[in-house]
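Work through the exercises below with the structure open beside you. Try each task before you read its solution.

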Amino acid sequence: MKTISLRVPDFFDLNEKETKLLIASKLYEQGKLSLGEGSELAGVSKRTFIELLGNYNVSVFNYSVQELKGDIENA
(Lines give C-alpha, C1' and ligand atoms only; values in the text may rest on other atoms or scores of the structure.)
Protein backbone atom coordinates (compact mmCIF):
# COMPACT_ATOMS: atom_id res chain seq x y z
CA MET A 1 0.00 0.00 0.00
CA LYS A 2 1.23 3.49 -0.84
CA THR A 3 1.73 6.19 1.74
CA ILE A 4 0.82 9.70 0.66
CA SER A 5 1.62 12.84 2.63
CA LEU A 6 -0.78 15.70 2.13
CA ARG A 7 -0.34 19.23 3.40
CA VAL A 8 -3.51 21.26 3.81
CA PRO A 9 -3.98 24.78 5.13
CA ASP A 10 -4.81 25.10 8.82
CA PHE A 11 -8.18 26.68 8.05
CA PHE A 12 -9.41 23.36 6.60
CA ASP A 13 -11.14 21.81 9.54
CA LEU A 14 -10.38 18.21 8.54
CA ASN A 15 -8.82 15.51 10.63
CA GLU A 16 -7.09 12.43 9.24
CA LYS A 17 -10.18 10.22 9.50
CA GLU A 18 -12.37 12.73 7.62
CA THR A 19 -9.72 13.13 4.93
CA LYS A 20 -9.49 9.36 4.40
CA LEU A 21 -13.27 9.14 4.18
CA LEU A 22 -13.47 11.97 1.64
CA ILE A 23 -10.82 10.36 -0.55
CA ALA A 24 -12.34 6.88 -0.24
CA SER A 25 -15.85 8.11 -1.08
CA LYS A 26 -14.64 10.02 -4.15
CA LEU A 27 -12.61 7.06 -5.40
CA TYR A 28 -15.61 4.77 -4.83
CA GLU A 29 -17.86 7.20 -6.71
CA GLN A 30 -15.44 7.15 -9.66
CA GLY A 31 -15.41 3.35 -9.67
CA LYS A 32 -11.75 3.13 -8.70
CA LEU A 33 -12.47 1.34 -5.40
CA SER A 34 -14.96 -1.34 -4.41
CA LEU A 35 -17.05 -0.97 -1.25
CA GLY A 36 -14.59 -3.21 0.60
CA GLU A 37 -11.56 -1.28 -0.62
CA GLY A 38 -13.24 2.04 0.20
CA SER A 39 -14.12 0.92 3.70
CA GLU A 40 -10.58 -0.34 4.25
CA LEU A 41 -9.06 2.94 3.07
CA ALA A 42 -11.46 4.91 5.27
CA GLY A 43 -10.73 2.64 8.23
CA VAL A 44 -14.37 1.72 8.86
CA SER A 45 -16.57 -1.32 8.37
CA LYS A 46 -18.39 -1.85 5.07
CA ARG A 47 -21.70 -1.11 6.75
CA THR A 48 -20.40 2.17 8.20
CA PHE A 49 -18.86 3.13 4.85
CA ILE A 50 -22.19 2.52 3.10
CA GLU A 51 -23.98 4.67 5.67
CA LEU A 52 -21.39 7.46 5.42
CA LEU A 53 -21.48 7.60 1.61
CA GLY A 54 -24.82 9.39 1.87
CA ASN A 55 -23.15 12.21 3.81
CA TYR A 56 -21.05 12.86 0.69
CA ASN A 57 -23.96 12.49 -1.77
CA VAL A 58 -22.46 9.28 -3.16
CA SER A 59 -24.89 6.51 -4.07
CA VAL A 60 -24.02 3.01 -2.90
CA PHE A 61 -25.52 1.84 -6.21
CA ASN A 62 -22.61 2.92 -8.34
CA TYR A 63 -23.99 2.04 -11.77
CA SER A 64 -24.14 4.11 -14.90
CA VAL A 65 -27.39 4.39 -16.85
CA GLN A 66 -25.86 2.19 -19.55
CA GLU A 67 -24.97 -0.53 -17.03
CA LEU A 68 -28.49 -0.45 -15.60
CA LYS A 69 -30.02 -0.78 -19.07
CA GLY A 70 -27.76 -3.74 -19.77
CA ASP A 71 -28.78 -5.41 -16.52
CA ILE A 72 -32.47 -4.91 -17.33
CA GLU A 73 -32.03 -6.34 -20.83
CA ASN A 74 -30.18 -9.38 -19.44
CA ALA A 75 -32.73 -10.04 -16.68
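**Exercise 1.** In this predicted model, find which residues of H2 are buried and where they lie around the helix axis.

*Solution.* Step 1: the buried residues in H2 are Gly38, Ser39 and Ala42. Step 2: these residues lie on the same side of H2, because they cover an arc of only 95° around the axis. Step 3: look for what covers them; the cover includes H3 and helix H1, residues 16-29.

**Exercise 2.** Decide whether Ser39 is buried or exposed, and list its contacts beyond four places in sequence.

*Solution.* Step 1: locate Ser39 in helix H2. Step 2: its relative accessible area is 6%. The cut-off for buried is under 20%, so Ser39 counts as buried. Step 3: leave aside neighbours within four places in sequence; Ser39 is then in contact with Val44, Ser45, Lys46 and Phe49.

**Exercise 3.** Describe how H2 and H3 are arranged and which residues make their contact.

*Solution.* Step 1: the axes of H2 (residues 35-42) and H3 (residues 46-53) come within 9 Å, crossing at roughly 90°. Step 2: angles of 65 to 115 degrees count as roughly perpendicular, so H2 is roughly perpendicular to H3. Step 3: H2 contributes Leu35, Gly36, Gly38, Ser39 and Ala42 to the contact, while H3 contributes Lys46, Phe49, Ile50 and Leu53. Step 4: sorted by class, the contact has five nonpolar, three polar and one charged residues.

Definitions and conventions. Residues numbered from 1 in each chain as written. Predicted model: local features only at pLDDT ≥ 70, side-chain atom pairs only at ≥ 80, totals over all residues. Heavy atoms only, no water. Axes fitted to C-alpha atoms, helices over the stretch in contact; angles between N-to-C directions. Helix = DSSP H or I, 4+ residues; strand = E, 2+ residues; numbered from the N terminus. Parallel < 35°, antiparallel > 145°, perpendicular 65-115°, else oblique. Contact = heavy atoms within 4.5 Å. Nonpolar A, V, L, I, M, F, W, Y, C, P; charged D, E, K, R; others polar. Buried < 20%, exposed > 50% of the residue type's maximum accessible area, 1.4 Å probe, protein only. Arc of directions from axis to C-beta.
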